[in-house]
Amino acid sequence: MKLTELIIAVKEQNLSKDQLENYRNDMSSIYAQMQLEMADLEKQEALFMGRLEGSAISRKIAWKTTEAGQRLIVLKRYCLATKELLNSLKSRLYSIY
């Protein structure tokens with residue numbers, strides 16, 4: 001299941017304990033995959049920064065305009081949203097137990 005599908009599915013109020021646990025597991029897996037991809041992109045960013053001349057700000061802006069830099073921006077926001085949703089799922093599960 002994709003992250004956007006999970007976000008929509010988790011919005012439903014009347015989910016069973018098993019459904020909540022499955023969504024939590026799926027979301028945790030996606031979160032871990034995004035973290036691994038971010039690690040690779042951050043390594044690329046470090047190498048990119050080391051190759052360029054100029055100020056740190058100009059190098060950072062140059063990185064953010066690359067395809068990999070854009071992907072890193074998106075992943076950072078997706079990870080924040082996913083983390084919040086995971087916390088929400090955990091709270092919902094604790095209220096059932």
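Predicted model: local features only at pLDDT ≥ 70, side-chain atom pairs only at ≥ 80, totals over all residues.
Colleague: What does Leu 75 touch, leaving out residues up to four places away in sequence?
Modeller: Leu 75 touches Met 34, Glu 37, Met 38 and Leu 41. Take Glu 37. Leu 75 and Glu 37 are 38 residues apart along the chain. Their C-alpha atoms are separated by 8.2 Å.

Colleague: Why is Cys 79 called buried?
Modeller: The cut-off is under 20% relative accessible area. Cys 79 has 5%, and therefore Cys 79 is buried. Cys 79 is also found in helix H4.

Colleague: Which residues does Cys 79 touch, again not counting residues up to four places away?
Modeller: Tyr 31, Met 34, Gln 35 and Met 38. As for Gln 33, its C-alpha atom is 10.0 Å from that of Cys 79. Along the chain, these two are 46 residues apart.

Colleague: Which other residues of H4 are buried, and what covers them?
Modeller: The buried residues of H4 include Ala 68, Gly 69, Leu 72, Thr 82, Leu 86, Leu 89, Arg 92 and Leu 93. The cover over the buried residues of H4 includes H1, H2 and H3.

Colleague: What do the buried residues of H2 pack against?
Modeller: Helix H1 (3–11), helix H3 (56–64) and helix H4 (67–96). Among the buried residues of H2 are Leu 20, Tyr 23, Met 27, Ile 30 and Phe 48. Glu 21 and Glu 45 are buried too.

Colleague: Why are H2 and H4 called roughly antiparallel?
Modeller: Angles over 145 degrees count as roughly antiparallel. H2 and H4 pack at about 155°. Therefore H2 and H4 are roughly antiparallel to each other. Their axes are 9 Å apart. The crossing of H2 and H4 is left-handed.

Colleague: At what angle do H1 and H2 cross?
Modeller: At roughly 150°, with axes that come within 11 Å. The crossing of H1 and H2 is left-handed. Leu 3, Leu 6, Ala 9 and Val 10 of H1 make the contact. On the H2 side, Tyr 23, Asp 26, Met 27, Ile 30 and Met 34 take part.

Colleague: Which residues touch the most other members of the largest nonpolar core?
Modeller: Tyr 23, Met 27, Met 34, Trp 63 and Leu 89, out of 22 residues in that core. H1, H2 and H4 each supply at least two residues of this core. The largest share, 9 residues, comes from H2.

Colleague: What is Leu 89 in contact with, aside from neighbours within four places in sequence?
Modeller: Val 10, Leu 20, Tyr 23, Arg 24 and Met 27.

Conventions: Residues numbered from 1 in each chain as written. Heavy atoms only, no water. Buried < 20%, exposed > 50% of the residue type's maximum accessible area, 1.4 Å probe, protein only. Helix = DSSP H or I, 4+ residues; strand = E, 2+ residues; numbered from the N terminus. Contact = heavy atoms within 4.5 Å. Core = buried A, V, L, I, M, F, W, Y, C linked by side-chain atoms within 4.5 Å. Axes fitted to C-alpha atoms, helices over the stretch in contact; angles between N-to-C directions. Parallel < 35°, antiparallel > 145°, perpendicular 65-115°, else oblique. Left-handed = near helix turned anticlockwise from the far one by under 90°.
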